[in-house]
Amino acid sequence: MASVWTAMTEMILEYTGLSSTAFFTIAAMMVVTYKVICSMFVSADDFVPVKREPLHLGDLTEEELKAYNGSDSQKPLLIAIRGQIYDVSSSKMFYGPGGPYAMFAGRDASRALAQLSFKPQDINGNLEGLSDAELEILRDWEDKFIEKYARVGQLAPKKTLTKKEEDENASRIEVLKATKADMMQEGGSAEVNGVHKAGHL
């Protein structure tokens with residue numbers, strides 16, 4: 001046994017130039033490093049994708065779309081291009097809070113993508129004045145979104161009130177004004193009589 005050990009240490013010294021102690025120390029460190037690095041990654045077998053119900057939101061106004069900008073972790077991340085809304089939740093590292101494209105979430109980013117711009121004034125759906133080259137860039141972006149993300153709805157024009165809704169709102173405002181006037185009158189008469197009612201001190 002001693003002769004095997006001696007032969008092995010001589011071989012290690014001859015081939016590596018290291019003493020047997022240094023050789024086995026380095027080998028042990030390499031095994032530990034390998035195990036540590038492997039433990040940092042999830043194996044493909046351990047990965048279980050989060051299953052979401054297919055999302056379909058239908059028509060959203062630009063104002064409603066803003067609610068899907070990543071500020072509420074319970075809601076998906078949405079971006080609109082040419083009026084079509086896409087769920088980009090699977091790319092949270094890019095479009096979520098702190099991501100390089102987070103400013104596009106919850107917005108129509110058509111103009112900004114066409115111009116490759118991060119300026120806040122360019123993050124909108126206005127395509128007027130774009131050059132043919134910029135429109136081609138936008139088409140490329142749109143193709144990527146169609147290929148990678150689910151379309152969940154479309155932008156609708158700002159909702160306009162019907163005549164009936166306008167009349168209902170007007171009558172509510174009149175009721176509120178009348179109530180406020182009554183309260184003001186009550187407060188004024190209480191002061192005149194020298195009596196302070198509760199809530200008017």
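**Figure 1. Surroundings of Y101 in the predicted model.** Y101 counts as partly exposed, because its relative accessibility is 25%. In this predicted model, the ring of Y101 is paired with that of Y95: the centres are 5.8 Å apart and the planes stand at 35°, so this pair is tilted. Y95 itself has a relative accessibility of 6% and is therefore buried. A pair of aromatic rings is described by the distance of the centres and the angle of the planes.

Figure 2. F94 is partly exposed, its relative accessibility being 37%. Through ring pairs, Y86, F94, Y95, Y101, F104, F118, W141, F145 and Y149 are linked into a cluster.

**Figure 3. Lysine charges placed over aromatic rings.** At W141, the charged end of K144 is found over the ring, 5.6 Å from its centre. W141 is also one of the residues in the cluster of linked rings. At Y68, the face of the ring has K75 lying over it, and the distance to the ring centre is 5.4 Å.

**Figure 4. The open four-stranded sheet.** The 4 strands of this open sheet follow the order β1-β4-β3-β2, and their pairing is mixed. β1 (58-60) and β2 are the edge strands; each has a single partner, so one side of each is left without a neighbour in the sheet. On average, neighbouring strands are turned by 40° against each other, direction ignored. Strands of a sheet pair through backbone hydrogen bonds, either parallel or antiparallel.

**Figure 5. Strand β4 and its two partners, with helix α6 on the sheet.** β4 (residues 150-155) runs parallel to β1, to which it is joined by 3 bridges. Within this pairing, D59 stands opposite Q154. The helix α6 packs on the sheet and touches β2, β3 and β4, while its direction makes about 135° with that of β2. Between β3 and β4 the arrangement is antiparallel, with 4 bridges. Q154 of β4 is the bridge partner of Q84.

**Figure 6. The largest nonpolar core and the contacts of F104.** This core has 17 residues, and I79, V88, Y95, F104 and F145 are those with the most contacts inside it. β2, α5 and α6 are the elements that give two or more residues to the core. The largest share, 3 residues, comes from α5. When neighbours within four places in sequence are left aside, F104 is in contact with L78, I79, A109, A112, L113, S117, F118 and I123. Another core, of 8 residues, lies apart from the largest one and has L60, Y68, A80 and V152 among its members. In soluble globular proteins, nonpolar side chains tend to be buried together.

Figure 7. M103 is placed in the loop between α4 (92-95) and α5. Its relative accessibility is 32%, so M103 counts as partly exposed. Not counting residues up to four places away in sequence, M103 touches F118 and I123. M103 and N69 are 34 residues apart in sequence, yet their C-alpha atoms are 8.2 Å apart in space.

**Figure 8. Loop residues with positive phi.** R82 is found in the loop between β2 (78-81) and β3 (84-87). The phi of R82 is near 50°, a positive value in a residue other than glycine. With a relative accessibility of 32%, R82 counts as partly exposed. L116 lies in the loop between α5 (110-115) and α6 (132-148). For L116, phi is likewise positive and near 50°, again in a residue other than glycine. L116 is exposed, because its relative accessible area of 55% is over the limit of 50%.

Notes: Residues are numbered from 1 along each chain as its sequence is written. This is a predicted model: local features need pLDDT of at least 70, side-chain atom pairs count only at pLDDT 80 or more; totals for chains, interfaces and linings use all residues. Side-chain values use heavy atoms; hydrogens and water are left out. Buried means under 20% relative accessible area, exposed over 50%, partly exposed in between (1.4 Å probe, protein chains only). Rings of Phe, Tyr and Trp (its six-membered ring) pair if their centres lie within 6.5 Å; planes under 30 degrees apart count as stacked, over 60 as edge-to-face and the rest as tilted. A charge sits over a ring if NZ of Lys or CZ of Arg is within 6 Å of the ring centre and within 35 degrees of the ring normal. Two strands pair if DSSP finds at least two bridges between them. Axes are lines fitted to C-alpha atoms, for helices over the stretch in contact, and angles run from 0 to 180 degrees between N-to-C directions. Contact means heavy atoms within 4.5 Å. A nonpolar core is a set of buried Ala, Val, Leu, Ile, Met, Phe, Trp, Tyr and Cys residues joined through side-chain atoms within 4.5 Å.
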